Amino acid sequence: MADAQPRLADGSGADRTRERSRSRTRKPKKSVVDFSKWDIAALKRYKKHYKLRVQHDATKSDLVAAITEHFDSLPCDEFEIMSFFVFAVRNREKYELLADDPAASK
């Protein structure tokens, strides 16, 4: 019986699998946040909070470009975020993480 994928010289497909997973992670992230819809004051607060090096007299488009680049470079562990979200939803009464009534958490 022939394998669906050809094996490497050592008989394993591990190197091929590693290469496929690397190629998936190299794709550039596309920002899901449209910073061009933010007002200039919010963009300046973001710049100040993260201490981004942008000219003092930068235009809105300059700020949007710098902030988008910064935001896209932030590390994000999707599995950890989704795991915490599912945990929070399942345990919202117990931990009051997603309480519907703000007065209930007092």
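A nonpolar surface patch here is made of residues with over 30% relative accessible area and no salt bridge, with nonpolar side chains joined within 5 Å. In this predicted model, I81, M82, F85, V86 and V89 form such a patch. The protein has five helices and zero strands. Its largest nonpolar core has nine residues. K47 is buried yet has no salt bridge.

**Overall layout**

- From the N terminus on, the elements run α-α-α-α-α.
- The protein has 106 residues, and 13% of them count as buried.
- Take the contacts with a separation of 6 or more: residues 24 or more positions apart account for 33% of them.

**Surface patch**

- The patch of I81, M82, F85, V86 and V89 has about 440 Å² of accessible area together.
- F85, one of its residues, sits in helix α4, which covers residues 78–90.
- F85 has a relative accessible area of 49%, so it counts as partly exposed; the exposed class begins over 50%.

**Nonpolar core**

- The largest nonpolar core consists of F35, L43, Y46, L52, V54, A58, L63, V64 and I67.
- Two elements, α2 and α3 (60–73), each give two or more residues to this core.
- The most comes from α3, with three residues.
- In soluble globular proteins, nonpolar side chains tend to be buried together.
- L63 is one of the core residues. Beyond four places in sequence, L63 touches I40, L43, K44, K47, V54 and A58.

**Buried lysine K47**

- K47 lies in helix α2, residues 40–49.
- Which side chain of opposite charge is nearest to K47? It is D57, 8.4 Å away.
- Leaving aside neighbours within four places in sequence, K47 contacts L52, V54, Q55, H56, L63 and I67. Among them, L52, V54, L63 and I67 belong to the largest nonpolar core.

**Loop between α2 and α3**

- V54 is found in the loop between α2 and α3, and V54 is also part of the largest nonpolar core.
- Not counting residues up to four places away in sequence, V54 touches K47, L63 and A66.
- K51 is in the loop between α2 and α3 as well.
- K51 is not a glycine, yet its phi is positive, about 55°. Most residues other than glycine have a negative phi.
- Is K51 buried or exposed? K51 is exposed, because its relative accessible area is 72% and the exposed class starts over 50%.

- A66 has its place in helix α3.
- A66 and V54 are twelve residues apart along the chain, and their C-alpha atoms are separated by 7.3 Å.
- Beyond four places in sequence, A66 touches L52 and V54. Both L52 and V54 are core residues.
- A66 is partly exposed because its relative accessible area is 22%, whereas buried means under 20%.

Note on methods
Residues are numbered from 1 along each chain as its sequence is written. This is a predicted model: local features need pLDDT of at least 70, side-chain atom pairs count only at pLDDT 80 or more; totals for chains, interfaces and linings use all residues. Side-chain values use heavy atoms; hydrogens and water are left out. Helices (H or I, at least four residues) and strands (E, at least two) are DSSP runs, numbered from the N terminus. Buried means under 20% relative accessible area, exposed over 50%, partly exposed in between (1.4 Å probe, protein chains only). Lys and Arg count as positive and Asp and Glu as negative; His and the chain ends are not counted. A salt bridge is a side-chain nitrogen of Lys or Arg within 4 Å of a carboxyl oxygen of Asp or Glu. Contact means heavy atoms within 4.5 Å. A nonpolar core is a set of buried Ala, Val, Leu, Ile, Met, Phe, Trp, Tyr and Cys residues joined through side-chain atoms within 4.5 Å. Patches are made of residues with over 30% relative accessible area and no salt bridge: like charges are joined within 9 Å, nonpolar side chains (Val, Leu, Ile, Met, Phe, Trp, Tyr) within 5 Å. Accessible areas come from the Shrake-Rupley method with a 1.4 Å probe; for residues, only the protein chains shown count as cover.
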